[in-house]
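Please consult the sequence and the structure shown here while reading the points below.

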Amino acid sequence: MDQLKIGLHQDKQLETIPHAQQQLVGDGSLDIHGQPSNKATSGRWKAAYVLMATELLERTAYYGIALNLVTYLVTVLHQGTGESISIVYNWSGTAWILPLLGGFLADAYWGRYWTITVSAVIYLMGLLLLTLSVTLHSLRPPPCPALVNCEPASTTQVSIFYFALYVIAVGVGGIKPCLSALGGDQFNEDDDDERPMKRSFFNYWWLSIAGGGLVSLTMLVYVEDHVGFGWGYGIPTVGFGIAILIFFSGTPRYRHKRPSGSPLTQVAQVLVAAVRNYNVVVPSGGASEQLYEVYEKGNRNLAHTNTLRFLDKAATPTQSTSEVAAEVDDDADGKKQLPENHADPEAAVADFSPQPAIKTTSVNPWRLCSMTQVEEVKLLVRVLPVWFATLMFLVVVAQLSTLFLRQGISMDLSMGPHFKIPPASLELFGTFTVLAAIPLYDKCLVPLVRGFTGNERGFTMLQRMGVGLFLSIFVMVAAALVETKRLKAVDDNGLQDLPGVTVPITVFWLAPQYSLLGLAQVFAYIGQLEFFYDQAPDNMQSLGTALFETNTGVAQFLTTALVRAVVSASSRNGHQGWIVDNINRCRIDRFYWLLAAMSAANLLLFIVVAKWYTYKNTNKQVFAESLAAAA
């Protein structure tokens, strides 16, 4: 926690500086009124703490629903096990895919703050409706403790419950890509003091996520199992209302990034311009000096890369586009264009100061794009293979709330003579691992590895993700071995057709697979979050975060398809499928071995993708209105 203490100490030091000497942030950040953010009174850890508290309560609400959802569907709505698992996958998959829409709206039109605000209201409405649906007797079928020949839920009851779930999914879709991205915005990447804070931020951000999981896995799951789902869902609903108030309390301190218009349009412009300039020869040596570029206040320019050279055609001037007439205009919007034949781009960088801006006449963005715009499209193209190669890890994580849970329910949940662990609380094994591992990673492992690699992060982002993918193989190996032991106990005690009878094997046998998965998440999950935020173009970082969230959603749907395919393939020719309603007749050990093999193959794919990847390289000179004003 030393980094956090240092950050707070520096915040206090800055606030003692006389007003006339206070510096502006200098990365284009704005306050809620659209004015350049003041470094002393905005952002940094104080703003990040408010957002982390909001995230903790939001995750408490989400996990309070998701972790025990299979149990509610089976025991209250009387759905089948297989059907319930599919419902959970489909709902959570939707909740994790909708961030693409939320991220798009934030980057293009609304900004992160207002996207969070609108989404939070929708989220709260969904929570209220869900709480009503589990509380009112008319909205759920009669109790059926034996779970045999139960009266099914009516169409109306099921419809209201599902509608509430999907309203919540819409709220999640707006909040998830923006809250962590807004947190990252509170630290200036080009500030020597704030850059180390930003490196630690994503680690400690995950503590708030794990903290929300901890509250859900202990208090809420216990309340749902022993008091009722009405209280179990009502408490996080109130908590989320408090989260909204906490979020608004930080408004004066937040740093904001201005929406930059539709990223889809920017991508389309590069593709169209590249196709139109198909016959143009891209300069070879020193290409960046001959490509068209735009320097804009508050934006970082990207360095040229030699990958995907076809797209460079979009920034290569032709006879018609190179006739760019520059004129001095005191009312220009602060843009400075660099002609293609400028001999020294760095001279143009150094030359920028508070003076009349230079602008150009009628450059058609569908025929000629800036080099930075082209590099932004290259970034998006390069991160997609990484996104694809991390899907398998999320398939492994998806087993937490479904098959791992069903395993645990059948085992001896006793912890001492008078207490039984709530089944959904089994994830505590992994949560405690995460809570312990994150500070150790940030304070011990990173400095140690940094001494060998020279990288200020210790591991590169892709190396960190690779370690997590490697660990996920052993997660599934451990799960398969434990399931083999559980099935042996089933056979030894003749419990094959008695799924309601506790299998005489302690649930603590599941601790290794949960703990290993928690450790894998510290590497892969946090690495992915930082990677997709950091490597996205500066004006598309909500979308970059959304790619990370969407990875989880696609993995949920992929898992559903995989389970169905496995059931179909394994039940051919009259054979019993690997996954059936009777957990004691399932062969999920074989399914786990399949996932282990797929994870190993996926790790090889990830290594190939990682070797091919070129990291984002920004121009360190930032053209910021705040710096110009302070000069």
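The points below cover confidence, overall architecture, a surface patch, cysteines and one aspartate.

This is a predicted model, in which local features need pLDDT of at least 70, side-chain atom pairs count only at pLDDT 80 or more, and totals for chains, interfaces and linings use all residues. Residues are numbered from 1 along each chain as its sequence is written, and side-chain values use heavy atoms, with hydrogens and water left out.

**Confidence**
- The protein chain has a mean pLDDT (the predictor's confidence in each residue, from 0 to 100) of 80, and 85% of its residues reach 70 or more.
- Among the elements of the chain, the lowest mean pLDDT, 35, belongs to helix H11 (residues 345-351), and the highest, 93, to helix H19 (residues 588-612).
- The pLDDT is below 50 over residues 621-631, a stretch with 31 contacts in the model beyond near neighbours in sequence; a contact means heavy atoms within 4.5 Å.
- Where pLDDT is low, the predicted coordinates should not be read in detail.

**Overall architecture**
- The protein chain contains 20 helices and six strands; these are DSSP runs numbered from the N terminus, with helices (H or I) of at least four residues and strands (E) of at least two.
- Of its 631 residues, 57% count as buried, where buried means under 20% relative accessible area, exposed over 50%, and partly exposed in between (1.4 Å probe, protein chains only).
- Among contacts between residues at least 6 apart in sequence, 84% join residues at least 24 apart.

**Surface patch**
- Tyr 109, Trp 110, Trp 114 and Val 118 make a nonpolar surface patch of about 440 Å².
- Val 118 lies in helix H5 (residues 99-135) and is partly exposed, at 37% relative accessible area.

**Cysteines**
- The disulfide count is zero, a disulfide being a pair of cysteine sulfur atoms within 2.5 Å.
- Cys 444 is partly exposed, with a relative accessible area of 46%, whereas Cys 586 is buried, at 2%.

**Asp 442**
- Asp 442 is located in helix H15 (residues 428-453) and counts as buried, at 10% relative accessibility.
- Leaving aside neighbours within four places in sequence, Asp 442 is in contact with Ser 200, Asn 203, Tyr 204 and Pro 447.

Terms used: Patch = residues over 30% accessible without salt bridge, like charges linked within 9 Å, V, L, I, M, F, W, Y side chains within 5 Å. Areas by Shrake-Rupley, 256 points an atom, 1.4 Å probe, with all protein chains shown as cover. Salt bridge = Lys/Arg side-chain N within 4 Å of Asp/Glu carboxyl O.
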